[in-house]
Amino acid sequence: MVQPAVSSGAPASGNELRVCVRCGIIALNGQARCHICSEPMGVRGHMVQCLLPGRPWARLEMVLPCPHCGVEFSPRPEAIESAAHCPSCQQPTVIEPAWWDEAVHLAHAVVDLAHPDFHHQNEALGAFNPFGDVGLSQPCASLPSDRIPMQSMFRLRVGPGAPPCLRCGTPLIVRVLTQGRQTTECPQCGDREAFALPLSLVGRVPAIRALIGFGPEAAAAQGRIEPWWLLMEGPSTLRPLVQAQKEQAEKDAAERAAWEAWNLQERERLEREARLEQAKAEREAAERGKQEKAAREKAERERAERAAKETAAALKETQSQLEQSQRALQDAQSRAAQTQQSMEQSLRAAQEAHRADVERLQQEAWGQSEQLRGMMAQQEAMWRAQDAKRQQEMAELTKRHTVRWRVAIGLWVVVFLAVAADLVLAVK
């Protein structure tokens with residue numbers, strides 16, 4: 001089987017891949033420089049045909065820390081069946097077969113699940129594809145990652161591409177021979193090399209068809225890692241896991257949607273039942289209200305009828321009382337007329353007697369008033385005589401008091417003069 005180099009101006013087909021002119025990794029659309037080797041891309045890039053229909057090579061960079069000195073190095077394919085020798089301390093390190101299997105299976109998974117997706121098998125995986133951005137926004141995948149853990153100590157960087165010539169960068173022509181052997185030839189400079197698949201690896205990973213691993217000396221001198229190039233056939237072991245995860249997620253989403261739909265239906269049913277119960281309660285309340293209103297109206301009618309009967313009875317009784325009162329009033333009026341007549345007669349008799357008494361009393365009062373005036377005149381003459389006598393007595397009493405005061409003042413003056421004379425004599 002032959003992979004020829006395709007000129008850069010040839011149209012791309014469903015089995016062609018555009019790769020970097022230096023490192024062979026896939027070239028992204030709109031990419032200015034290669035993300036691996038920083039080679040300027042521009043409109044440059046080699047178009048190569050896939051050796052297997054729809055399946056590019058897996059470019060695998062593998063780094064392992066030395067358990068003796070801690071220096072990281074890239075083991076060669078020969079270490080799969082023997083041991084890996086550290087270029088720093090030269091100590092051999094036996095790597096477990098499971099580590100190799102894990103690295104090869106992951107490289108297979110990257111080229112199987114990444115772009116270009118010639119057979120359109122990866123679009124349906126969507127966000128469940130851990131390598132869905134490889135070949136679109138990223139040229140390779142770095143492992144381990146958050147989504148893809150690893151059991152081994154390897155650190156991998158895997159991406160789709162095609163092996164280039166170490167001298168001129170032209171994509172190599174690879175011939176896959178029997179018994180796991182393959183040869184490479186550069187169509188530009190003519191360099192040729194031969195490689196062989198480790199038989200132990202072929203037995204454990206039947207999907208592997210070719211493995212190309214150039215010597216790491218030139219890459220180490222240039223400060224880079226020489227990658228392995230693996231050609232894998234068929235679906236990877238990770239694809240059914242991703243599909244199962246997607247199906248499980250879809251199943252969970254469907255179950256969740258069904259559960260949410262059931263919950264929604266249940267909530268709607270409960271809401272309908274609640275609305276029906278509320279409507280029933282409102283109807284019952286309205287019916288009770290109507291019954292209570294009818295009972296109140298009936299009671300009010302009965303009370304009104306009783307009140308009307310009582311009012312009629314009271315009115316009848318009041319009417320009878322009014323008739324009795326009218327009769328009593330008529331009797332009283334007749335008695336009052338009789339009483340008034342007798343009172344008028346008595347009043348006329350009393351008036352005549354009063355006039356006679358008044359005249360008699362006036363005559364008696366005039367005589368008494370004349371007697372009183374005579375007595376008052378006599379009394380006034382007596383008061384005047386007594387007043388003149390009192391005034392005379394008061395004048396005599398005042399005269400005697402004046403004489404006494406004068407005598408007393410004279411005595412006091414004499415006493416004062418005598419005392420003053422004694423004081424004067426005493427002083428001298």
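These legends go with an overview and a few close-ups of a predicted model.

Figure 1. The chain carries 4 helices and 14 strands. Its radius of gyration is 74 Å, well over the 22 Å that the globule rule gives for 428 residues, so the chain is more spread out than a compact globule. Along the principal axes, the C-alpha trace spans about 195 × 125 × 45 Å. Buried residues make up 29% of the 428.

**Figure 2. Surface and charge.** Carbon and sulfur atoms account for 56% of an accessible surface of about 28,200 Å². There are 51 positive and 53 negative side chains, with the centres of the two sets 7 Å apart.

**Figure 3. The cis bond at P116.** Going from H115 to P116, the peptide bond is cis, with omega near 5 degrees. You'll find P116 in the loop between α1 (97-113) and β8 (141-143). For context, most peptide bonds are trans.

**Figure 4. The cis bond at P144.** L143 and P144 are joined by a cis peptide bond, with omega about 0 degrees. P144 sits in the loop between β8 and β9 (155-161).

**Figure 5. S38 and its positive phi.** S38 isn't a glycine, yet its phi is positive, at about 65 degrees. Look for S38 in the loop between β2 (16-19) and β3 (46-49). With 45% relative accessibility, S38 counts as partly exposed.

**Figure 6. Q90 and its positive phi.** Q90, a residue other than glycine, has a positive phi near 60 degrees. The loop between β6 (84-85) and β7 (92-93) holds Q90. Its relative accessibility is 53%, over the 50% cut-off, so Q90 counts as exposed.

Technical notes
Residues numbered from 1 in each chain as written. Predicted model: local features only at pLDDT ≥ 70, side-chain atom pairs only at ≥ 80, totals over all residues. Heavy atoms only, no water. Helix = DSSP H or I, 4+ residues; strand = E, 2+ residues; numbered from the N terminus. Rg over C-alpha atoms; globule rule 2.2 N^0.38 Å. Buried < 20%, exposed > 50% of the residue type's maximum accessible area, 1.4 Å probe, protein only. Areas by Shrake-Rupley, 256 points an atom, 1.4 Å probe, with all protein chains shown as cover. Lys, Arg positive; Asp, Glu negative; His and termini not counted. Charge placed at Lys NZ, Arg CZ, Asp CG, Glu CD.
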